Amino acid sequence: MTSDPAWYARPVLDVARDLVGCVLRHGDTSGVILETEAYHFTEAACHAYVGITERTRVIWGPPGRSYVYRSYGIHALFNAVCEDDGVGAAVLVRALEPLDGIEVMRMRRGPVKESELCNGPGKLTQALGIGLELNDTPLTGATPPIAIEPRPPAWRDVDIVRTAPRIGITKAVELDWRFSVRGHRGVSRPLPAPPPAPR
DNA sequence: CATGGGATTGACT
DNA sequence: GTCAATCCCATGC
């Protein structure tokens with residue numbers, strides 16, 4: 001289960017896929033995960049690619065913990081650390097469908113459309129109130145600061161696609177390590193257009 | 001010690 | 001569609 005570190009101690013691509021449809025919760029706010037990306041130390045787009053540093057120490061640490069870092073000097077991005085202790089791997093959460101505490105999210109996000117509350121990795125951390133101070137906190141156990149819960153019944157059989165390349169990176173862009181709910185409008189970037197049909 | 005780039009967003013054209 | 005904002009940290013001199 002998502003409350004057990006062993007659930008995260010699996011291949012990062014499996015965890016990234018299984019996280020879609022689960023609920024990410026912090027305090028009174030929560031949302032259903034619509035989109036994820038996998039990162040692994042063996043490929044250059046992953047922060048852990050450079051080895052163990054003060055910044056990347058958490059990614060190399062035990063699974064089932066948070067890795068929250070600052071992007072572009074402005075935004076906090078939330079990841080779940082995966083695979084065994086000593087292996088650098090994590091899943092980035094890119095988009096949510098708002099579930100609980102929508103009014104609180106609105107306060108934090110300002111006057112935006114509801115569809116804009118959590119449709120981006122920096123937006124969802126702002127909406128849920130997840131900041132850098134929540135880096136390296138447990139996601140498992142009885143009452144972790146940030147919790148990930150199993151798929152609600154309505155999301156039990158979601159159709160997950162693994163097709164799109166990861167977003168906003170310049171290295172290892174060829175790896176299709178992005179997962180999302182098929183056809184959902186809440187994903188942070190649309191899937192690339194399918195190739196034209198042969199004639 | 002200086003520098004440059006990045007897993008982004010929002011405002012503007 | 002384009003572009004600036006903004007800061008941590010890895011790298012190189």
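Close-up 1. Strand S1 (residues 23-26) pairs with strand S2 (residues 29-40) in the antiparallel sense over four bridges; two strands pair if DSSP finds at least two bridges between them. Helices (H or I, at least four residues) and strands (E, at least two) are DSSP runs, numbered from the N terminus. This is a predicted model in which local features need pLDDT of at least 70 and side-chain atom pairs count only at pLDDT 80 or more, whereas totals for chains, interfaces and linings use all residues. Residues are numbered from 1 along each chain as its sequence is written, chains are lettered from A and ligands numbered from 1 in the order in which they are written, and side-chain values use heavy atoms, with hydrogens and water left out. The hairpin of S1 and S2 has two residues between the strands, and glycine 27 there takes a positive phi near 65°. S1 is also joined by four bridges to strand S6 (residues 146-149), again running antiparallel. Leucine 24 has glycine 31 as its bridge partner in S2 and isoleucine 148 as its bridge partner in S6.

**Close-up 2. Serine 30 in strand S2.** Serine 30 is placed in strand S2. With a relative accessible area of 0%, serine 30 is buried (buried means under 20% relative accessible area, exposed over 50%, partly exposed in between; 1.4 Å probe, protein chains only). Its side chain makes a polar contact of 2.9 Å with the side chain of aspartate 100. A polar contact is a pair of N or O atoms within 3.5 Å; within protein, one must be able to donate a hydrogen and the other to accept it, and residues adjacent in sequence count only if both atoms are side-chain atoms. Neighbours within four places in sequence left aside, serine 30 is in contact with residues including Val23, Leu24, Leu99, Met105 and Leu128, contact meaning heavy atoms within 4.5 Å.

**Close-up 3. Glutamate 54 in the loop between S2 and helix H3.** Glutamate 54 is found in the loop that lies between S2 and helix H3 (57-60). Its relative accessibility is 61%, so glutamate 54 counts as exposed. The side chains of glutamate 54 and arginine 57 are joined by a polar contact of 3.4 Å.

**Close-up 4. The protein surface near DNA strand B.** DNA strand B is surrounded by 22 residues, the closest being His75, Asn79, Lys123, Gly168 and Ile169; a residue is near a molecule or strand if one of its heavy atoms lies within 4 Å of it. Of the atoms of DNA strand B that come within 4 Å of the protein, 59% belong to sugar and phosphate. Strand S3 (66-71), strand S4 (75-81), strand S5 (89-100) and helix H5 (121-128) each supply at least two residues of this surface. An N or O atom in the side chain of histidine 75 is 2.9 Å from a base oxygen of DNA strand B. For histidine 47, a side-chain N or O atom is 3.0 Å from a base nitrogen of DNA strand B.

**Close-up 5. The protein surface near DNA strand C.** Val50, Thr53, Arg55, Arg70, Tyr72, Gly73 and Ile74 surround DNA strand C. Sugar and phosphate make up 67% of the atoms of DNA strand C that come within 4 Å of the protein. Threonine 53 has a polar side-chain atom 2.6 Å from a phosphate oxygen of DNA strand C. A backbone N or O atom of tyrosine 72 lies 2.4 Å from a base oxygen of DNA strand C.
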